[in-house]
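Please read the following report alongside the sequence and the model.

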Amino acid sequence: MKILVAVKRVIDYNAKVRVKPDNSDVDLANIKMAMNPFCEIAVEEAVRLKESGIATEIVVASIGEKPCQEQIRSALALGADRGIHVETENTSDSLNVAKLLAKIAEREQIDLIILGKQAIDSDNNQTGQMLAALLNCSQGTFASKVCVENEKLLVTREIDGGLQTLSLTLPAVVTTDLRLNEPRYAALPNIMKAKRKPLQVLTPDELGVTLKQHTQLTSVAEPAKREQGVMVNSVDELIEKLKFEAKVI
Amino acid sequence: MAILVTAEHDNHTLKQSTLNTVSASTQLNDEIHVLVAGFNCQAVAEQAAKITGVSKVLYADSSVYEHQLAENIAALITELGNDYYYILAPATSNYKNILPRVAAKLDVTQLSDITAIVANDTFERPIYAGNAIATVKSLDPVKVITVRSSAFEEAAFSDSQNAEIIAVNALPETNLVAFVSEQVEQSDRPELSNANIIISGGRGLGSSENFALIEQLADQLGAAVGASRAAVDSGFVPNDKQVGQTGKIVAPQLYIAVGISGAIQHLAGMKDSKTIVAINKDEEAPIFSVADYGLVADLFEVIPELREKLP
């Protein structure tokens, strides 16, 4: 089985987000960037499938400007075999990203594509589902367990109120939820080795994809601030506030 | 060319998130149709026909739609979608799974989790875990949108049926996917997404046994139970209880955070609650920055006292 993992370069999980003073966007200058946490889980799952002998090769792809090669190298250090970087500035619409990934999946004759369920910058939660639609294949989103049985992919999904298990025909798209696995850290020798693994750079043109602008960002604002609350000293005081001031119990 | 709202339901009952989505749709000033796709779900179609503001209910009843599999439902919505300018769905796990598939089939993008409608083609949506609010204009001919339920009022029901119910034929079932099983927790507690009161526990609870304290307090108040990611990661509760950026986004009348430090990812899921109470023994915990009422105390002393003194 050949696996494609898509990874996105985003603001570091712990970095503080600032809105630009002119409200045109968030300010990412001099901010620490990292692989999207859900993408780390996707890489880990692919590596585990390879370690268990199910996967034969892991291709990792990232769409974006040149620095996203760092995230491809991180994935290579974790165990992916080779990388594809599609160089473009235009990554704001998930559909464009899905179209590029679909082309890569077709070219590489991929059996399974694993992506994070959502990126922590745009919070869209849609690229994987769009990719499955474009490839006209099955999808197992928000996966908390993945296994292969009789040529089918059994995916347990996080749904409202519980879990659902589906049997997917391959090729398939899986998007990862938090509990799928706990990603490992890259060992230093593997980080060194990753520098020598192949990394191909392509353009959208080379993949035959014409990017389209679907949305326009009009402005970005800070969220409304909550008014400063008060500290209470006892349970009695809390209950009194809730009853007579907030009137919520 | 009207608005299509896809209904969230469990084949028996229409979920409240559908009402919030219809209410959002009324701001777009066009005729509103609701799609009810499921199996043996006539009761749902009848409920949908009573929602104020809805003029037509499209009703697709087939075993193909019993488990809401994205491959099947998205194909149906896509086929119907050609007749609409807007397709709106509640941003539930179910439609987060289905709707992007529809958007891609229609060659448009999706506007996820909108919290306000600025103009017919312009919407607000939170990004970066709610640390910024983006105003986004859609350039697509069809707007495919998921709606954050907590950001919109509920549409009301009228006493009698006011919308026509039109049966829609099911499409052939896909062979791409097969349903295997489902484990859904049976609980008498209200659902997180539409509870008036939510009691959430965090790492401070220490164990799943101790988490029962939260559940008992919730039952006493008729509240839903939530959790921080830390509590989920520690295995105290299942992931569907998680409130936060990547879990449920909630905005109840009263949110009580117990033993939750308040990572930005958690705050993203609850900071729009009307009244927030934080109980934590660490007075430096960031959760106090969004709390209306903060109590620095040991939760193992506070919860029993609350149980004793609350009605």
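The report begins with conventions and then turns to salt bridges, cysteines, cores and the interface.

This is a predicted model, in which local features need pLDDT of at least 70 and side-chain atom pairs count only at pLDDT 80 or more, while totals for chains, interfaces and linings use all residues. Residues are numbered from 1 along each chain as its sequence is written, chains are lettered from A and ligands numbered from 1 in the order in which they are written, and side-chain values use heavy atoms, with hydrogens and water left out.

**Salt bridges**

Side chains of opposite charge can pair when their charged atoms come close. With a salt bridge taken as a side-chain nitrogen of Lys or Arg within 4 Å of a carboxyl oxygen of Asp or Glu, the count over all chains is 29.

| A:Glu57 | A:Arg82 | 2.7 Å |

In the salt bridge between A:Glu57 and A:Arg82, the partners come from distant parts of the chain, A:Glu57 in strand S4 (residues 57-64) and A:Arg82 in strand S5 (residues 82-87) of chain A, 25 residues apart. Helices (H or I, at least four residues) and strands (E, at least two) are DSSP runs, numbered from the N terminus. Burial is judged by relative accessible area, where buried means under 20%, exposed over 50% and partly exposed in between (1.4 Å probe, protein chains only); on this scale A:Glu57 is partly exposed at 21%, whereas A:Arg82 is buried at 18%. The two residues also belong to a network of salt bridges that links A:Lys2, A:Glu57, A:Arg82 and A:Glu108.

A:Glu158 is buried, with 5% relative accessibility, while A:Arg179 is partly exposed at 32%. In the pair of A:Asp177 and A:Lys117, both residues are buried.

**Cysteines**

There are 0 disulfides over all chains, a disulfide being a pair of cysteine sulfur atoms within 2.5 Å. The sulfur of A:Cys39 is 11 Å from the closest cysteine sulfur, in A:Cys68, which is too far for a bond. A:Cys39 is buried at 5% relative accessibility, and A:Cys68 is buried at 3%.

**Nonpolar cores**

A nonpolar core is a set of buried Ala, Val, Leu, Ile, Met, Phe, Trp, Tyr and Cys residues joined through side-chain atoms within 4.5 Å. The largest such core has 56 residues, and B:Leu76 and B:Ile77 have the most contacts inside it. Helix H3 (residues 94-108) of chain A gives the most to this core, with 8 residues.

**The interface**

With contact meaning heavy atoms within 4.5 Å, 76 residues from chain A and 84 residues from chain B take part. The area buried between the two chains is about 6700 Å², of which carbon and sulfur atoms give 53%; buried area is the accessible area (1.4 Å probe) that two parts lose on being put together, summed over both.
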